Amino acid sequence: MKNQTKYNLKALVLAAGLGTRLRPLTLKMPKCLAEIGGIPLLENWLNKLEGIDCNETLINTHYFSEKVDAFLQTYNSEKMKINSIYEPNLLGTLGTLLSNKEWFKNSTGMLIHGDNFTYDDLKKFISAHNAKPKQCLLTMLTFKTDNPRNCGIIETDQQGIMTNFFEKVENPPSNIANGAIYLFDYEFIEWIEERTFDGNDFSLNVLPLLKGRVQTFHTNKVFLDIGTPEALAKANTIFENQKDI
């Protein structure tokens with residue numbers, strides 16, 4: 001892995017969603033504070049980001065924002081700056097990225113959907129981005145899913161470059177899914193600024209325009225979308241069985 005201290009790594013963790021699929025748990029708390037092995041999802045991501053020498057992390061909030069902020073008050077990091085930004089109205093994944101675009105200047109950026117869980121430490125993901133082909137604006141983490149109809153499915157060429165993208169279609173062509181974790185340099189922000197999009201969803205409105213320009217990095221580690229009570233229970237069962245990972 002290349003030395004991360006040579007550049008500024010900043011991560012935007014998306015944690016503002018309503019978590020409707022995770023009810024009734026999310027009637028009392030935001031989904032980013034759902035626990036796996038007694039550790040909130042958000043804490044798991046902050047620990048990973050410290051492990052890859054992330055310099056700054058920004059967390060967007062909306063639903064139960066006060067509980068997210070209260071949690072952040074208890075999380076102490078000596079080497080990573082952590083801030084939250086409240087959205088009075090949900091901006092959508094693309095909208096949140098665009099509203100914080102200046103924050104990414106002079107840095108390598110990471111965009112993370114905070115309701116995912118993985119055992120991957122992301123170090124090889126960082127290394128892959130450092131070595132990405134020149135034509136690629138993004139590096140996307142992918143994983144093998146058991147439920148491809150509920151995921152964004154990726155097709156790639158022999159070099160692992162995304163050639164096609166299918167967001168939650170009835171007959172997906174494979175089971176290789178978008179993990180909704182992305183690395184990019186500021187060139188990508190400039191690319192976004194030059195365009196007009198039909199909506200504010202990153203997967204639906206941005207990724208289809210990036211065929212041939214997204215490098216994929218496939219993880220073979222456990223990766224789960226913690227979107228339902230069943231998924232949360234599965235993650236906790238895996239945690240109990242794989243505590244040594």
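## Helix α7

In this predicted model, α7 has 13 residues and reaches 19 Å from its first C-alpha to its last, close to the 18 Å expected at 1.5 Å a residue (the expected span being 1.5 Å times one less than the number of residues; helices are DSSP runs of H or I with at least four residues, strands runs of E with at least two, numbered from the N terminus). Its buried residues are Ala231, Leu232, Ala235, Ile238 and Phe239, where buried means under 20% relative accessible area and exposed over 50%, with a 1.4 Å probe and protein chains only. Because they cover an arc of only 125° around the axis, they lie on the same side of α7 (the arc is that of the directions from the helix axis to the C-beta atoms). On the other side of α7, Glu230 and Asn241 are exposed, whereas the buried residues pack against β2 (35-36) and β13, contact meaning heavy atoms within 4.5 Å.

## Second largest pocket

The helix α7 also gives the most to the lining of the second largest pocket, with four residues, and this pocket is lined by 18 residues, of which Thr145, Asn147, Leu224, Asp225 and Lys234 lie nearest its centre. A pocket here is an open set of points on a 1 Å grid over the protein atoms alone, where a 1.4 Å probe fits, with protein on both sides within 12 Å along at least five of seven lines, and lining residues have an atom within 4 Å of a point.

## Basis of the model

Residues are numbered from 1 along each chain as its sequence is written, and side-chain values use heavy atoms, with hydrogens and water left out. Local features need pLDDT of at least 70 and side-chain atom pairs count only at pLDDT 80 or more, while totals for chains, interfaces and linings use all residues.
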